[in-house]
Amino acid sequence: MAFSPENKLKVMRFSGRSLARYIAHVYRSSKVIVEPANSEQMVVANHPFILAMWHGQFMMVPALHKGQVKVSAIVARHGDAEIIGEALEQFNIALVRGAGAGT
């Protein structure tokens, strides 16, 4: 059974928000080790800059964004990326739409 575009969008939003809640739970229930210890001060002092990370590292998003500086993330324009984009937006991360098939 295929979803209508409207229902597909609702499923993507629900999935992204659920993922954000899971990420927040993992962050709250984990011991966060910051190396080097002055990383947060370095981020503020050297802003703006580009930080690259691979797909599997997005669980570190809450640790990256503490509100001192604006954070943006490049997110593809295909369907799977809608879920990741929705999750990132829950952490006040601005999205920049990158490559990929349009939805």
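Student: In which helix of this predicted model is the place of E86?
Tutor: The model is predicted. Within the model, E86 has its place in helix α4. That helix covers residues 79–89. The element asked for is α4.

Student: Is E86 buried or exposed?
Tutor: The relative accessible area of E86 is 9%. Buried means under 20%. E86 is therefore buried.

Student: Leaving aside neighbours within four places in sequence, which residues is E86 in contact with?
Tutor: Set aside the neighbours of E86 within four places in sequence. The contacts of E86 are then M12, R13, G16 and R17.

Student: Does R13 count as buried, partly exposed or exposed?
Tutor: R13 is found in helix α1. Its relative accessibility is 40%.

Student: What separates the C-alpha atoms of R13 and G85?
Tutor: R13 and G85 are 72 residues apart along the chain. Their C-alpha atoms are separated by 9.1 Å.

Student: How are α1 and α4 oriented to each other, roughly parallel or oblique?
Tutor: Helix α1 spans residues 5–28, and its axis lies 7 Å from that of α4. The packing angle is about 45°. Angles under 35 degrees count as roughly parallel, and 65 to 115 as roughly perpendicular. The two helices are therefore oblique.

Student: Is the crossing of α1 and α4 left-handed or right-handed?
Tutor: In the crossing, M12, R13, S15, G16, R17, L19 and A20 of α1 meet residues of α4, including E82 and I83. By class, the contact has six nonpolar, three polar and four charged residues. The crossing of α1 and α4 is right-handed.

How values were computed:
Residues numbered from 1 in each chain as written. Predicted model: local features only at pLDDT ≥ 70, side-chain atom pairs only at ≥ 80, totals over all residues. Heavy atoms only, no water. Axes fitted to C-alpha atoms, helices over the stretch in contact; angles between N-to-C directions. Helix = DSSP H or I, 4+ residues; strand = E, 2+ residues; numbered from the N terminus. Parallel < 35°, antiparallel > 145°, perpendicular 65-115°, else oblique. Left-handed = near helix turned anticlockwise from the far one by under 90°. Contact = heavy atoms within 4.5 Å. Nonpolar A, V, L, I, M, F, W, Y, C, P; charged D, E, K, R; others polar. Buried < 20%, exposed > 50% of the residue type's maximum accessible area, 1.4 Å probe, protein only.
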